[in-house]
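Subject: Handover of a structure for your review

Dear colleague,

Please find below the structure that I am passing on to you, followed by an account of what was found in it. I would be grateful if you could read the account with the coordinates open.

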Amino acid sequence: MELDQLEMNQTLEESQPEGKTIPYLTALIGWSLPAIEACDKLKRPFVVVGPPDFKDYAEKHNITFVGWEFDRLNEGSDKLYKQLKALGAEVAVPLYEECVEWAGALNARFRQEPRLFNRSLLLRDKGMMKRKAQIAGIKVGVFEEARDKDDVKRFLKRVNEALLKVDGDKYDPIHCKPLDKAGSVGHRAIDNPADIEALTDNDFPLLMESHLDGQEFSCEVFVHKGQIQFLNITEYVKLGYSNFVPPSPTLESKRPVIRQAIEQLIEAFEIENGVIHPEYFIMPDGTLHFGEVAARVPGGHIFDLIERAYGFSAYEAQILCSDPNTTEEELRKFFPAEDEANGYAGCLMVHPHVTYIEELTIPDELEEHPFFEKHDMFTPPQGKVAERVGFGNHYGTIFFFGDDSAEMRRLLEYYEKYDFYL
Amino acid sequence: MPSEVTEGKIARFSQSLTKLSEAPTYAKSRYQTDVYQEANRLLETEEGLEILFKYADRFDEAGVFQDGPWEDPSKLQPPLVAGSLQAKGLPYVIEMLSNLRMLAIAEGMEEHPTVSKEMAMDFLNEVMALNLDLLFPQATEASRIEKKENADEAQRLFQFISRYLSSSALSETLIHEIKRLTAQRPIMVKRTVSIIKMAKEMLKSNENDTQKEVLQQYVASIEGPSNLSHLYSQPNEYRKQLMNLSVEELQRESEILGRSMRNTGLCSPHHSVLARLLSRKSPELLPALLQLSGKGKANFEEHEELVHQLIKVALFPTTCQSVYGLALLLERGVLSASPVIPGLRRLIELDIRPEVRNALFKANEGEGLTANSILLAGVISVLGQPLGVGQGLNPTCQAARGISLWAQHAPGYLLEIIPRAARDGEIDMVFEGVNIYSKDLQGGLAPELHPELDPVSIVLVPHLDRIYSEMMTRVALRGEDGHRWVNPAFYGNWVQKGFSTVIEPITGNIADYPGFVRLFYATHHPEYNDEYELIYPNPVGIFITNVHGKMLGFHAVSIQRIAKCPKGNYRVYFYNPNNDGSQNWGQGIVSTVMGNGEYFGESSLPFDEFTSRLYAFHYNPYEQGDSYAVEQDSVAKVKTLAKESWGKEYKWISG
């Protein structure tokens, strides 16, 4: 942003008494009702840039809407920028993985900082991301990009050679994932050369990395002007199935180390505004291994859990932090202290253990447990269970809230194995 | 096992509803799930409906149904309610809530912009009438085995709603439903009978004497219209009693049973018992039982010996409906057509193939009859009630239309192909010089025939269906609508050779629609076609649309006649092979089966409304009237109706 503009904005802000609407639009990149609601609650005028399918719905409900196909690479970003600029948009907030570089490109234009776009690309190419982390001295596993099956075979062999495996030993797994997909989409662990044959041309290029031991957790970090405004730590009970916020006391006690690691990450990736969602593995001795980082709304209902545990809307927080014009004071008023959670909020994403659903059974002892909050499961009218993509499309979620992290973990582990669908 | 209602459950529901109503309109879907969940918890309890009903006037305003299929109550359809209630999960919950909302509107708790109190009440009455089996569950083995999903909950809902409905309004709906069905004089009366049986339950609670009387008459028509038949419901006991009657008493008994049958088109097993007895002991009383007119009587007297033979072979307590068929057969004078008598005799001794025999037995289980008896009874019904033939649950409208047409105008031909199918297991037709044998064909539209059909259809439809499909396949690539050639070849030379269709076969576009409309008026409308009468039924193709005018597909009906209705407006009277001919096609186009001058079994529509759903028809090229004379306004009206309904699915090129 150039100086005179900055001044202009400041004068604008000064002339706006608190609570009045801010005169520029926030562009929400991606379709997310909670984000729209959050923006509405903040009394920030907004425009939604979403898949064209949502146009009718947006029109019906008077939502300013620009239809956009995110997965089609095109030269049209300039058109999108001009369209948004004409509407008066100045901030772009990415909501989904596929929207991150679009938001990056738009913010680069809004703020006239071309490197914002490059930084966003860093978050969209897992190979580049790892390399950047490694250069910055962050502990990562051994990794390589693969272009074909031979690359994968070679990598699996060399990693296990380095682990001093001899013929007949069981191989340690390596992990393969697409370079640009959200979370666990397309992820597979391979410990047998025969499994490599199952990969198809569509799976390449991909990122391979050695297996990292340790307890996995994620952070949701609200960053403004490069400073951590709020650090949430989410404890994973079973990746993709269950997690809770804030973490149990053992993990919580590592918060200072974790905060240090995050600061290192923010510096390395030159992150200025918005939310980041990195995943780490922590060893019993406190050593942290960096998994990956995204700059979007995390999965696993984590934003909902944060709201339940701390009482603030994570969606609102994301929008506030994404806007460089948000004041220090606004942020201080918004975020609670990190150690002031009201309790533990957890959720279990239920996926049927069967391929055809006859009926749904919810045990009474679940509904009667004091930690039980709600679930959203109904017997699906069509019995056939869809194939799972990543950790998405689960059949329902059960929400818990309580004051004991050990009981929370026990519930999540117990019901993870329960057959809700028969 | 219903669970307990607790204050907690009520509070949670109330909170979820409040949260939903506070949500901005675009975000309702985020909060609806919680409302459905909490509602479901209440629905599992005995008092749940009562509690939910207290909130029902807030449902619409809060957005409980927003952005879903239940959003606009004016678009809901009573026949779909039962299906949703039996669906698993979410549709069931929403349907329950939607009915409570409807009750709230009907009770004046909520004012709705598009649904009035009366409309809501009508809706609920119709839902009740359609679901009497749930309102008055019968403890039969069948209902036990076929226990439906959510049956207890649905029953609770209907009983809850019925507390708010007047039993007389409900009876009124029922009576209308029965009248509507009987007016169509179907051969298959299973549905009518089951509704009457359930209406019997209503008699207990009804205070209204007129209604009671009407309902009682219907009940009597299937359970015994006379005192004696009412008293002795078992056929063998009734027979014993009949033996003791004097001729005068038999005469009176015959009159009573006969009148009931001709009034409703329904028979009780007693009709067969009496017919058999009269045939043997007092044949002179048969015209009284059949309530024959002069013409029918003459026909009876001329062919008395054959009639006795038919009664003996075909009329049994379980085939009692054919007593009515026999009466109408005589009225129609079918026996005077020379091939009919030998044709019927042939059926008595026909060597029916085992698979056909099995199919006939399967549809008439446990009756202890021979397959020949079943088939002959079926033939009597079809020849007596040609417009009572229905396609049942099969997509075989063309075959049903053929059977109906031949029964009307070519009974000899019909009696030719029935033995071909029943004895030889095939039917052949010549198409453009080539013989087509059904035996050699596979597939057809209904390879798995649903067996709830009359015996003639059971025997013929599998063959007719395959032959029709084969003919259509042979002309598929001619670049014109194949019905042009197939209909005359399939149905016979009664079908006119002129043919017009609204869809351009190669492009699938609609071109010159006004020309199509004018041609139909000029060839069919008495005011423009030089008053040529329609002589044989005209098989035409129509677009079927739902109540919202949305196109569902194509359907085959036959125009029977075009005439002025009692009010003086021209209507098209047509045969609809669907078992129920009164249908709502949207845009206010509702085909009726009574009250507009229809003969039994006919459906009818005003001329222009019928035209607006037409897509193909045959005409006699030598009998064209003045297409230019057709009023511009009429054409424009038809076009608007067409364009705004099925027309939305097509590209309109010109005109």
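Chain B is divided into three stretches by the domain assignment: domain 1 covers 7-165, domain 2 covers 178-223 and domain 3 covers 498-649. Between domain 1 of chain B and domain 3 of chain B, the C-alpha centres are 39 Å apart. Please bear in mind throughout that this is a predicted model.

For chain A, the assignment gives domain 1 (23-124), domain 2 (142-210), domain 3 (213-342) and domain 4 (344-422). The C-alpha centres of domain 2 of chain A and domain 3 of chain A are separated by 29 Å.

The interface between the chains

The contact between the two chains involves 23 residues of chain A and 22 residues of chain B. The size of an interface is often given as the accessible area lost when the parts come together. Here, the area buried between chain A and chain B comes to about 1800 Å², and carbon and sulfur atoms give 49% of it. On the side of chain A, E37(A), H61(A) and F378(A) supply 34% of the area buried against chain B, more than any other three residues.

Helix pairs in chain B

Two helix pairs in chain B deserve a description. The crossing of α1(B) with α2(B) is left-handed. Residues that α1(B) brings to the contact include I10(B), F13(B), L17(B) and L20(B), while those from α2(B) include Y31(B), V35(B), A39(B) and L42(B). By class, the contact of α1(B) with α2(B) has eight nonpolar, three polar and seven charged residues.

The other pair is formed by helix α11 (residues 167-183) of chain B and helix α12 (residues 190-205) of chain B, which pack at an angle of about 160° with their axes 10 Å apart. That angle makes α11(B) roughly antiparallel to α12(B), and α11(B) passes α12(B) in a left-handed crossing. Among the residues in contact are L170(B), L174(B), I178(B) and L181(B) of α11(B), together with I195(B), I196(B), A199(B) and M202(B) of α12(B). The contact of α11(B) with α12(B) comprises eight nonpolar, five polar and two charged residues.

A helix pair in chain A

In chain A, the axes of helix α6 (residues 115-122) and helix α7 (residues 126-135) come within 7 Å and cross at roughly 100°. This makes α6(A) roughly perpendicular to α7(A). N118(A), L121(A) and L122(A) of α6(A) make the contact with M128(A), M129(A) and K132(A) of α7(A). Of the residues in the contact of α6(A) with α7(A), four are nonpolar, one is polar and one is charged.

Backbone features of chain A

Two cis peptide bonds in chain A may interest you. The bond from F204(A) to P205(A) is cis, with omega near -5°, and P205(A) is placed in the loop between β7 (188-190) and β8 (206-210) of chain A. The bond from V245(A) to P246(A) is also cis, with omega near -15°; P246(A) lies in the loop between β11 (242-245) and α9 (249-252) of chain A.

Lastly, K43(A) has phi near 60°, a positive value in a residue other than glycine. K43(A) is found in the loop between α2 (33-41) and β2 (46-50) of chain A.

With kind regards

Technical notes: Residues numbered from 1 in each chain as written. Chains lettered and ligands numbered in written order. Predicted model: local features only at pLDDT ≥ 70, side-chain atom pairs only at ≥ 80, totals over all residues. Heavy atoms only, no water. Left-handed = near helix turned anticlockwise from the far one by under 90°. Helix = DSSP H or I, 4+ residues; strand = E, 2+ residues; numbered from the N terminus. Contact = heavy atoms within 4.5 Å. Nonpolar A, V, L, I, M, F, W, Y, C, P; charged D, E, K, R; others polar. Domains from an automatic or database assignment. Buried area = accessible area lost by both parts, 1.4 Å probe. Axes fitted to C-alpha atoms, helices over the stretch in contact; angles between N-to-C directions. Parallel < 35°, antiparallel > 145°, perpendicular 65-115°, else oblique.
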